[in-house]
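Visitor: I should like to learn how to read a structure of this kind. Please show it to me, and let us then work through its features one at a time.

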Amino acid sequence: MYVLYMATRLVTLLLWVLEIAMLLRAVASWIPALDGMKWMDIVYMLTEPLVVPVRAIFERFALFRNSPIDFSFVIAFLLLGMVQTAVSHFTTLLFV
């Protein structure tokens with residue numbers, strides 16, 4: 001049971017790191033001077049696998065094609081939050 005608890009805590013930590021990386025990516029998109037920074041490459045490396053599938057769905061259906069806002073990023077961020085909440089509830093159900 002301890003191993004399962006530690007696994008869910010690790011998943012929760014990884015999801016939190018991804019959420020912070022997504023927030024950093026959003027802020028950096030508004031500040032052009034941050035675009036060439038090395039640490040931003042790491043942020044993009046972490047977050048791009050989350051955003052690309054959502055972007056592919058949007059492109060397939062031509063949704064928000066001419067929008068100045070990257071809705072695929074917003075939806076990916078919301079999905080990440082939903083997964084984080086689901087893991088949190090799963091942990092609560094198992095260990096409380």
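Visitor: Which residues does Gln-84 touch, not counting residues up to four places away in sequence?

Guide: Contact means heavy atoms within 4.5 Å. With residues up to four places away in sequence not counted, Gln-84 touches Thr-12, Leu-15, Trp-16 and Glu-19. Please note that this is a predicted model, in which local features need pLDDT of at least 70 and side-chain atom pairs count only at pLDDT 80 or more, while totals for chains, interfaces and linings use all residues. Residues are numbered from 1 along each chain as its sequence is written, and side-chain values use heavy atoms, with hydrogens and water left out.

Visitor: Where is Gln-84 found, and is Gln-84 buried or exposed?

Guide: Buried means under 20% relative accessible area, exposed over 50%, and partly exposed in between (1.4 Å probe, protein chains only). Gln-84 is found in helix α3; its relative accessible area is 17%, so Gln-84 is buried. Helices are DSSP runs (H or I, at least four residues), numbered from the N terminus.

Visitor: Which other residues of α3 are buried, and what covers them?

Guide: Besides Gln-84, the buried residues of α3 are Ser-72, Phe-73, Ala-76, Leu-80, Val-87 and Thr-91. An α-helix has 3.6 residues a turn, so residues three or four places apart point the same way. The cover over the buried residues of α3 includes α1 (2-30) and α2 (38-60).

Visitor: What span should helix α3 have?

Guide: The expected span of a helix is 1.5 Å times one less than its number of residues. Helix α3 (residues 71-95) has 25 residues and should therefore span 36 Å; its end C-alpha atoms are 36 Å apart, which agrees.

Visitor: How is the packing of two helices described?

Guide: Two packed helices are described by the angle between their axes and the distance between the axes. Axes are lines fitted to C-alpha atoms, for helices over the stretch in contact, and angles run from 0 to 180 degrees between N-to-C directions. Here α1 and α3 pack at an angle of about 160 degrees, with their axes 10 Å apart. That makes α1 roughly antiparallel to α3. Angles under 35 degrees count as roughly parallel, over 145 as roughly antiparallel, 65 to 115 as roughly perpendicular and the rest as oblique. By class, the contact of α1 with α3 has 18 nonpolar, four polar and two charged residues. Here Ala, Val, Leu, Ile, Met, Phe, Trp, Tyr, Cys and Pro count as nonpolar, Asp, Glu, Lys and Arg as charged, and the others, Gly among them, as polar.

Visitor: At roughly what angle do the axes of α1 and α2 cross?

Guide: The axes of α1 and α2 cross at roughly 100 degrees and come within 9 Å. That makes α1 roughly perpendicular to α2. Residues making the contact include Met-22 and Arg-25 of α1 and Tyr-44 and Arg-55 of α2. By class, this contact has 12 nonpolar, one polar and three charged residues.

Visitor: With which residues is Tyr-44 in contact, leaving aside its neighbours within four places in sequence?

Guide: Tyr-44, in helix α2, is in contact with Arg-25 and Pro-49 when those neighbours are left aside. Its relative accessibility is 29%, so Tyr-44 counts as partly exposed. From C-alpha to C-alpha, Tyr-44 and Met-22 are 8.6 Å apart in space, although 22 residues apart in sequence.

Definitions and conventions. Helix = DSSP H or I, 4+ residues; strand = E, 2+ residues; numbered from the N terminus.
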